Amino acid sequence: MKKTIVAFLTTVLIFTACSSEEGDKPSGRANEKLAAKFGLTVFEYENGIGPIKEKLNIPAEIDQIMAQSGKEIFDAKCTQCHKINERYTGPALGDVTKRRSPEYIMNMILNPTEMTQKHPEAKKLLGLYATQMTFQNVSKEDARKILEYLRSVSN
């Protein structure tokens, strides 16, 4: 019994010492393999497919004016399918900025059909919700405002 406990504790220590602070986040090499598997670039795999093709420079502080404008656009075009804190026709979006990169969110807003056809995470959502997200005729600026609103309500 004592040997079993020692072996268990040793195993736990080894796993703890070898784990990174990144947790379950795939390594760059793993993302390269996954991107190739789905026929995507690493950027597309990590940030979605669409008009946003490079990392955005988004300040940490929320732009309240932009967020208010984003809320108005969200209320007019997104609430038919999305709620902030509850699942509806589409997923709840209160924590989307923690689950997805800003670029992924904007690409999903701006290019939902191609995203659900080609991106593995968007395909999973389509399978889960069985409803194709439609393009709501928003510009990049409007998508950025919606993103800012989602950042402001992030829980």
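Author: Buried means a relative accessible area under 20%, exposed means over 50%, and partly exposed lies in between. The model discussed here is predicted.

Reader: Are Phe74 and Tyr149 buried or exposed?

Author: The cut-off for buried is under 20% relative accessible area. Phe74 falls in that class, and Tyr149 does too. For both residues the word is buried.

Reader: What percentage of the residues counts as buried?

Author: The protein chain has 155 residues. Its accessible surface is about 10,000 Å², and carbon and sulfur atoms hold 57% of that surface. The buried share of the residues is 32%.

Reader: What share of the contacts with a separation of 6 or more joins residues 24 or more positions apart?

Author: A contact means heavy atoms within 4.5 Å. Take the contacts in the protein chain with a separation of 6 or more, then pick those between residues 24 or more positions apart. Their share is 66%.

Reader: How are the rings of Phe74 and Tyr149 arranged?

Author: A ring pair is described by the distance of the centres and the angle of the planes. Planes under 30 degrees apart count as stacked, over 60 as edge-to-face, and the rest as tilted. Here the centres are 5.3 Å apart and the planes meet at 45 degrees, so the pair is tilted.

Reader: How many residues apart in sequence are the parts that this pair ties together?

Author: Phe74 belongs to helix α4. Tyr149 belongs to helix α9. The pair therefore ties together parts whose separation in sequence, in residues, is 75.

Reader: How are the rings of Phe38 and Tyr45 arranged?

Author: The structure has two aromatic pairs, and Phe38 with Tyr45 is one of them. The centres lie 6.4 Å apart. The planes are at 5 degrees, so the pair is stacked.

Reader: Why is Tyr45 classed as it is, and what class does Phe38 get?

Author: Tyr45 has a relative accessible area of 16%, so it is buried. Phe38 has 31%. That value lies between the cut-offs of 20% and 50%, so Phe38 is partly exposed.

Reader: Which element gives the largest share of the largest nonpolar core?

Author: That core has 18 residues, and those with the most contacts inside it are Phe74, Ile105, Ile109, Ile146 and Leu150. Two or more residues come from each of α4, α6 and α9. The largest share is five residues, and they come from α9.

Reader: What span should helix α9 have?

Author: Helix α9 covers residues 140–152, which makes 13 residues. The rule is 1.5 Å times one less than the number of residues.

Reader: Which elements do the buried residues of α9 pack against?

Author: The buried residues of α9 include Ala143, Ile146, Tyr149 and Leu150. Among the contacts of Ile146 are Phe74 and Ile109. The packing partners of the buried set are α4, α5 and α6.

Reader: Is Arg151 buried or exposed?

Author: Arg151 is in helix α9. Among the residues it touches are Ile58, Pro59 and Thr97. With a relative accessible area of 19%, Arg151 is buried.

Reader: Which ring does the charged end of Lys83 sit over?

Author: Elsewhere, Arg100 lies over the face of Tyr104, 5.0 Å from the ring centre. The charged end of Lys83 is 4.4 Å from the centre of its ring. That ring belongs to Tyr88.

Note on methods. Residues numbered from 1 in each chain as written. Predicted model: local features only at pLDDT ≥ 70, side-chain atom pairs only at ≥ 80, totals over all residues. Heavy atoms only, no water. Helix = DSSP H or I, 4+ residues; strand = E, 2+ residues; numbered from the N terminus. Buried < 20%, exposed > 50% of the residue type's maximum accessible area, 1.4 Å probe, protein only. Areas by Shrake-Rupley, 256 points an atom, 1.4 Å probe, with all protein chains shown as cover. Core = buried A, V, L, I, M, F, W, Y, C linked by side-chain atoms within 4.5 Å. Phe/Tyr/Trp six-rings, centres within 6.5 Å; stacked < 30°, edge-to-face > 60°. Lys NZ or Arg CZ within 6 Å of the ring centre and 35° of its normal. Lists of a residue's contacts leave out its neighbours within four places in sequence.
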